[in-house]
Amino acid sequence: PTEINSCDFHNLKQGGSTLQEYLRRLVRLRARAPDVAEKTIINVAVAGLSLSPCGEYLERRKPKTIDRIFEILQEYCISDKGKQRRLEEMNEQ
């Protein structure tokens, strides 16, 4: 496997992918780059998010640890799934 550095994190953007997909890519990258500083990963992870309630929240209240940013992203993923399910139910009616 190739060596991962902070540049790989800077290239990570959510773009058109879902928050869940972005989180999954971020977790995989983090697992391969144990030497990259937490603060760098947090800053880049927030900067790579698309404009969304999650991105806005994290921009205002940047977490201090990797574990915390992963928790917040996961909470928003769960919320997004629930919202999508409710929209689908409304469209079926």
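Biologist: Why is leucine 26 called buried?

Modeller: In this predicted model, leucine 26 has a relative accessible area of 1%. Buried means under 20%, so leucine 26 is classed as buried. Leucine 26 is placed in helix H2.

Biologist: Which residues does leucine 26 touch, not counting residues up to four places away in sequence?

Modeller: They are Phe9, Leu12, Ile41, Ala45, Phe70 and Leu73. A contact requires heavy atoms within 4.5 Å.

Biologist: Which residues of H3 are buried, and against which helices do the buried residues of H3 pack?

Modeller: Ile41, Ile42, Val44, Ala45 and Val46 are buried in H3. The buried residues of this helix pack against H1, H2, H4 and H5. For the protein chain as a whole, buried residues make up 35% of the 93 residues.

Biologist: What makes lysine 13 partly exposed?

Modeller: The relative accessible area of lysine 13 is 46%. Exposed means over 50% and buried under 20%, so lysine 13 falls in between and is partly exposed. Lysine 13 belongs to the loop between H1 and helix H2 (19-32). Leaving aside neighbours within four places in sequence, lysine 13 is in contact with Tyr22, Arg25 and Gly48. The C-alpha atoms of lysine 13 and leucine 51 are 11 Å apart, with a sequence separation of 38 residues.

Biologist: Is asparagine 5 buried, partly exposed or exposed, and where does asparagine 5 lie?

Modeller: The relative accessibility of asparagine 5 is 36%; since that value is between the limits of 20% and 50%, asparagine 5 counts as partly exposed. Asparagine 5 lies in the segment before H1. Between the C-alpha atoms of asparagine 5 and glutamine 93, 88 residues apart along the chain, the separation is 49 Å.

Biologist: How many aromatic pairs does the structure hold, and why is the pair of tyrosine 57 and tyrosine 76 described by the word it carries?

Modeller: The structure holds one aromatic pair. The ring centres of tyrosine 57 and tyrosine 76 are 6.1 Å apart, and the planes meet at 40°. A pair requires centres within 6.5 Å; stacked rings have planes under 30 degrees apart and edge-to-face rings over 60. The pair of tyrosine 57 and tyrosine 76 is therefore tilted.

Biologist: What parts does this pair tie together?

Modeller: Tyrosine 57 is in helix H4 (residues 53-60) and tyrosine 76 in helix H5 (residues 66-92), so the pair ties together parts that are 19 residues apart in sequence. Tyrosine 76 has a relative accessibility of 23%, and because buried requires under 20%, tyrosine 76 counts as partly exposed.

Biologist: What is known of the largest pocket, and which residues are closest to its centre?

Modeller: The space in the largest pocket is about 310 Å³. Of the 15 lining residues, the closest to the centre are Ser52, Pro53, Tyr76, Asp80 and Lys83. H4 and H5 each supply at least two residues of the lining, and the largest share, six residues, comes from H5. By class, the lining has six nonpolar, seven polar and two charged residues.

Biologist: Why is aspartate 80 called partly exposed?

Modeller: Aspartate 80 has a relative accessible area of 38%. Aspartate 80 is found in helix H5, and its C-alpha atom is separated by 9.9 Å from that of cysteine 54, 26 residues apart along the chain.

Biologist: How many helices and strands does the protein chain have, and where is confidence lowest and highest?

Modeller: There are five helices and zero strands, in the pattern α-α-α-α-α. The mean pLDDT of the chain is 86, and 98% of its residues reach 70 or more. Confidence is lowest in helix H1 (residues 6-10), at a mean of 80, and highest in helix H3 (residues 38-47), at 91.

How values were computed
Residues are numbered from 1 along each chain as its sequence is written. This is a predicted model: local features need pLDDT of at least 70, side-chain atom pairs count only at pLDDT 80 or more; totals for chains, interfaces and linings use all residues. Side-chain values use heavy atoms; hydrogens and water are left out. Rings of Phe, Tyr and Trp (its six-membered ring) pair if their centres lie within 6.5 Å; planes under 30 degrees apart count as stacked, over 60 as edge-to-face and the rest as tilted. Helices (H or I, at least four residues) and strands (E, at least two) are DSSP runs, numbered from the N terminus. Buried means under 20% relative accessible area, exposed over 50%, partly exposed in between (1.4 Å probe, protein chains only). pLDDT is the predictor's confidence in each residue, from 0 to 100. On a 1 Å grid over the protein atoms alone, a cavity is a set of points where a 1.4 Å probe fits but cannot get out, and a pocket is an open set with protein on both sides within 12 Å along at least five of seven lines; lining residues have an atom within 4 Å of a point. Grid points are joined across faces, edges and corners, and a volume is the space filled by probe spheres set on the points. Ala, Val, Leu, Ile, Met, Phe, Trp, Tyr, Cys and Pro count as nonpolar, Asp, Glu, Lys and Arg as charged, and the others, Gly among them, as polar.
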